[in-house]
Amino acid sequence: MPLAGKKVLLGVCGSIAAYKSALIIRLLVKNGADVKVIMTVSAHDFTTPLTLATLSKHPVLTNFSKDETGQWNNHVELALWADVMIIAPASANTLAKMANGLCDNLLLATYLSARCPVLFAPAMDLDMWQHPATQRNLKSLAAFGNKLIEPTHGELASGLIGTGRMAEPGQIVETIENLFKPGKLTGKKALVTAGPTYEALDPVRFIGNHSTGKMGYALAEELLLQGADVTLVSGPTHLTAPVGVTVVKVTSAEEMFHASQQHFSHADITIFSAAVADYRPAHKADQKIKKGNTPMHIELVKTYDIAAELGNQKKPGQVTVGFALETENETINAQAKLKSKNFDLIVLNSLNDTGAGFGYDTNKISIISASASKEFNLKSKKEVAADIVTAIIEYIHA
Ligand SMILES: Cc1cc2nc3c(=O)[nH]c(=O)nc-3n(C[C@H](O)[C@H](O)[C@H](O)COP(=O)(O)O)c2cc1C
């Protein structure tokens with residue numbers, strides 16, 4: 001049974017296609033999955049909770065509160081329970097709310113709390129599907145890493161012919177099954193460094209940089225999706241790593257170096273995406289430095305060049321990938337870095353490109369190897385991470 005032991009959370013919205021949710025549940029259960037269902041209030045007009053509860057063998061949930069006793073359906077627990085969340089049918093209304101972070105029902109609160117992969121299978125009339133608002137919402141959902149199961153072309157419930165029919169239950173269940181098939185990196189160990197480093201001046205001050213860590217966290221998630229066993233050595237960030245990634249939290253370049261070195265020799269793939277400080281204060285004051293009337297000079301010393309140190313310890317079969325953030329002579333500088341740090345691939349992002357670099361949710365990259373260079377369009381960091389991991393897989397198989 002391809003889904004044996006897998007926990008699937010199914011969201012059902014108000015659409016004529018809601019009758020197909022019963023078939024989705026039937027197939028999921030037949031293939032071994034444990035299925036829980038959340039219906040929107042509107043979905044009750046299209047199919048009955050009794051049908052879906054009987055097929056899923058669990059009570060169907062719709063509201064936050066269970067009854068007048070104060071008991072409630074815990075959306076966070078539900079979200080964390082699931083190995084995968086699928087919203088099918090996904091109405092135009094719910095898609096718009098998901099894309100904008102709205103949270104006014106149990107399904108949306110659970111969606112916002114989900115750490116597992118989220119898939120959605122829209123169903124709607126052709127004009128609703130083509131509307132620029134729906135298309136814009138789909139782009140936002142893709143940028144969040146949610147997976148669209150495309151609607152198909154055909155006769156719609158309105159009698160019109162066009163794109164908007166929900167994918168068939170068999171195809172939806174197959175897409176879910178594919179998620180759990182071994183990835184292209186199953187059996188490989190991956191190490192990713194991410195975020196900034198903070199170099200302490202005294203107990204309350206540090207020298208740091210604006211890196212948010214978003215690129216490294218997106219890479220860790222993508223490697224995990226491809227089946228790799230991922231360790232993320234992260235500088236200070238506000239991000240939460242996906243469930244399944246081993247996170248090692250560090251603060252300074254020195255800590256990041258030691259943590260990375262510990263994992264490097266076992267790693268088949270290492271991606272150095274952290275923005276590591278090049279210099280640190282030579283001395284860290286034990287007490288807070290007092291304000292004086294004379295100019296203050298801070299002596300800086302070089303930190304470990306983590307990528308170069310580890311890149312040069314590389315053994316045959318290990319793949320290392322670095323990042324270059326350049327402001328001039330971008331390609332030449334990136335190629336020089338590829339060589340000096342013994343990288344297999346280098347990801348170049350230029351501060352000259354709008355939307356690329358620190359703080360943005362997007363990035364525009366080129367991936368450079370010793371023999372080739374490929375330029376990509378401006379994309380969300382999640383999509384960029386997928387491009388980088390695809391390039392690594394191609395490099396390994398070349
Ligand atoms: C008969 C009928 C069929 C509908 N079919 C769809 C549909 O297929 N897709 C859709 O997005 N909305 C459809 N709607 C509109 C939704 O039911 C409506 O937007 C509702 O508020 C969706 O709520 P929900 O997103 O909370 O489930 C339909 C409405 C009616 C009355």
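Visitor: Is F257 buried or exposed?

Guide: A word on the basis: this is a predicted model, where local features need pLDDT of at least 70, side-chain atom pairs count only at pLDDT 80 or more, and totals for chains, interfaces and linings use all residues. Residues are numbered from 1 along each chain as its sequence is written, and side-chain values use heavy atoms, with hydrogens and water left out. Buried means under 20% relative accessible area, exposed over 50% and partly exposed in between, with a 1.4 Å probe and protein chains only. F257 has 5% relative accessibility, so the residue counts as buried.

Visitor: How is the pair of F257 and Y304 classed?

Guide: Rings of Phe, Tyr and Trp (its six-membered ring) pair if their centres lie within 6.5 Å; planes under 30 degrees apart count as stacked, over 60 as edge-to-face and the rest as tilted. By this rule there are 3 aromatic pairs. For F257 and Y304 the centres are 4.0 Å apart and the planes meet at 10°, so this pair is stacked.

Visitor: How many residues apart in sequence are the parts that this pair ties together?

Guide: Helices (H or I, at least four residues) and strands (E, at least two) are DSSP runs, numbered from the N terminus. F257 belongs to helix 10 (residues 253-264), while Y304 is in the loop between strand 15 (300-302) and helix 11 (306-311), so the parts tied together are 47 residues apart.

Visitor: And what class does the pair of F272 and F343 fall into?

Guide: F272 is in strand 13 (residues 269-272) and F343 in the loop between helix 12 (330-340) and strand 17 (345-350), 71 residues apart. F272 counts as buried at 7% relative accessibility, and F343 is buried with a relative accessible area of 7%. Their rings are 5.9 Å centre to centre with 35° between the planes, which makes the pair tilted.
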